[in-house]
Amino acid sequence: MVPCKVRAVRRMTPRSVVVTLDPGPALPRFRHTPGQRVTFCLNVNNNSCFRSYNLVNPLGELPQVAVKQVAEGGGSQLFNECLQPGDVLQVAPPTGHFYDQSLDYKAHHLLLFAAGSGITPMFSVAQHALKARPDHRVTLIYANSTARSIMMQRELDRMADSKRFEVFHVLGDGATGEDLSTGRLNHAKLDQLLKQYRSSELPEVAFQSGPAGFMSLIQAAATQQSRPFNLKRYSFGEQPFVHPDEQHSDAADSELVVTVNGVTHTLPAVSRRLTLLDAADEAGIAMTANCKSGICHRCKAKLISGQTFQAPAHSMGRKPENGYILCCQQRPGSDKVEIEVG
Ligand code: FES
């Protein structure tokens with residue numbers, strides 16, 4: 001953990017702020033790639049808790065996070081209501097892998113889909129892409145409940161000065177008065193938007209981030225298009241990963257057997273690119289986790305059988321004892337993995 005001084009706290013919406021941090025001489029450790037997060041160790045009601053947030057600063061500048069208040073009494077409330085310039089926070093440097101920088105070898109059209117605070121990794125990708133190449137194009141479809149809840153609006157408006165960036169807002173409360181941008185995003189609207197914004201001039205690449213229902217909607221639209229497109233969903237734990245024994249092939253999915261408090265769940269096909277924690281989350285299995293960064297050990301599980309692997313660069317904390325793994329850090333490394341929690 002690195003002590004970082006709070007340089008500035010700027011209110012973005014009634015329930016979100018942008019916080020600028022100064023890590024002092026440790027600044028080079030906070031260089032990040034689009035979509036990476038930093039983890040804070042916060043003191044909330046005299047208890048330590050870990051919270052991770054996406055970096056939204058331009059690459060190479062002081063680290064900034066955008067935090068939406070999601071619950072009373074938690075870490076996000078501390079950011080929104082208590083934090084002052086001059087405060088010092090303990091912060092672990094950026095981790096995660098989201099944006100494949102080989103995309104910048106040639107011009108692309110980046111299609112980004114975000115809902116609510118899911119904007120933060122999408123914003124980071126958009127910001128990077130526009131700078132990385134003069135011929136990348138970026139289209140962002142951004143859903144919010146009201147105009148007042150739009151995060152990063154000032155920055156998005158500024159980016160929209162570029163002819164290479166378009167943003168389409170969808171507002172749940174009907175404030176725009178136009179059918180397409182009013183109310184909940186659904187299949188029909190999404191279909192119309194994709195007709196409007198997709199083109200075949202550049203190779204496309206699509207990213208999404210938001211609540212599960214939103215991501216399923218976009219995923220379904222992507223596969224049902226007459227010209228389907230690949231969609232990468234934001235997941236903090238995802239890492240590029242090749243099984244050491246299969247360097248030159250795509251390792252097949254694994255079967256994951258998870259026993260939580262005596263109840264066993266079998267997930268027949270888990271991607272080896274997902275952490276065990278994310279795989280369980282996606283399947284709706286409630287597992288305890290806090291920092292998602294290898295620090296708190298709340299996600300510790302007993303490895304009953306099989307192999308798991310960890311990207312060395314991703315580990316930030318101490319190792320658990322022999323026979324145990326941290327589910328937020330490990331991905332399946334054999335055809336079958338069996339773990340027990342609680
Ligand atoms: S959630 Fe904290 S170590 Fe895994």
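These numbered points describe the domains, the sheet with its helices, and the nonpolar cores of a predicted model.

1. Start with the division of the chain. Domain 1 covers residues 2-95, domain 2 covers 101-233 and domain 3 covers 244-341. Between the C-alpha centres of domain 2 and domain 3 the distance is 31 Å.

2. Next, the sheet. Five strands form an open sheet with parallel pairing, in the order β9-β8-β7-β10-β11. Since β9 (165-171) and β11 (231-233) each have a single partner strand, they stand at the edges, and one side of each is left without a neighbour in the sheet. On average, neighbouring strands here are turned by 15 degrees against each other, direction ignored.

3. One pairing can be followed residue by residue. Three bridges join β10 (residues 204-209) to β11 in the parallel sense. Phe-207 has Lys-232 of β11 as its bridge partner.

4. Two helices belong in this picture. Helix α2 (residues 119-132) packs on the sheet and touches β7 (109-115), β8 (137-144), β9 and β10. The direction of α2 makes about 160 degrees with that of β7. Helix α5 (residues 212-224) lies across β7, β8, β10 and β11, at about 165 degrees to β11.

5. Now the cores. In soluble globular proteins, nonpolar side chains tend to be buried together. The largest nonpolar core here has 60 residues, and those touching the most other members are Val-65, Leu-112, Ala-114, Met-122, Val-125, Ala-126 and Leu-140. Leaving aside residues up to four places away in sequence, Leu-140 touches Leu-112, Ala-114, Met-122, Ala-126 and Val-167. A second, separate core has 17 residues, including Leu-274, Ala-289, Ile-325 and Cys-327.

Key. Residues are numbered from 1 along each chain as its sequence is written. This is a predicted model: local features need pLDDT of at least 70, side-chain atom pairs count only at pLDDT 80 or more; totals for chains, interfaces and linings use all residues. Domain bounds come from an automatic or database domain assignment. A nonpolar core is a set of buried Ala, Val, Leu, Ile, Met, Phe, Trp, Tyr and Cys residues joined through C-beta atoms within 7 Å. A residue is buried if 20 or more other C-beta atoms lie within 10 Å of its own, exposed if 12 or fewer, and partly exposed in between; C-beta atoms are placed from the backbone. Two residues are in contact if their C-beta atoms, placed from the backbone, lie within 7 Å. Two strands pair if DSSP finds at least two bridges between them. Helices (H or I, at least four residues) and strands (E, at least two) are DSSP runs, numbered from the N terminus. Axes are lines fitted to C-alpha atoms, for helices over the stretch in contact, and angles run from 0 to 180 degrees between N-to-C directions.
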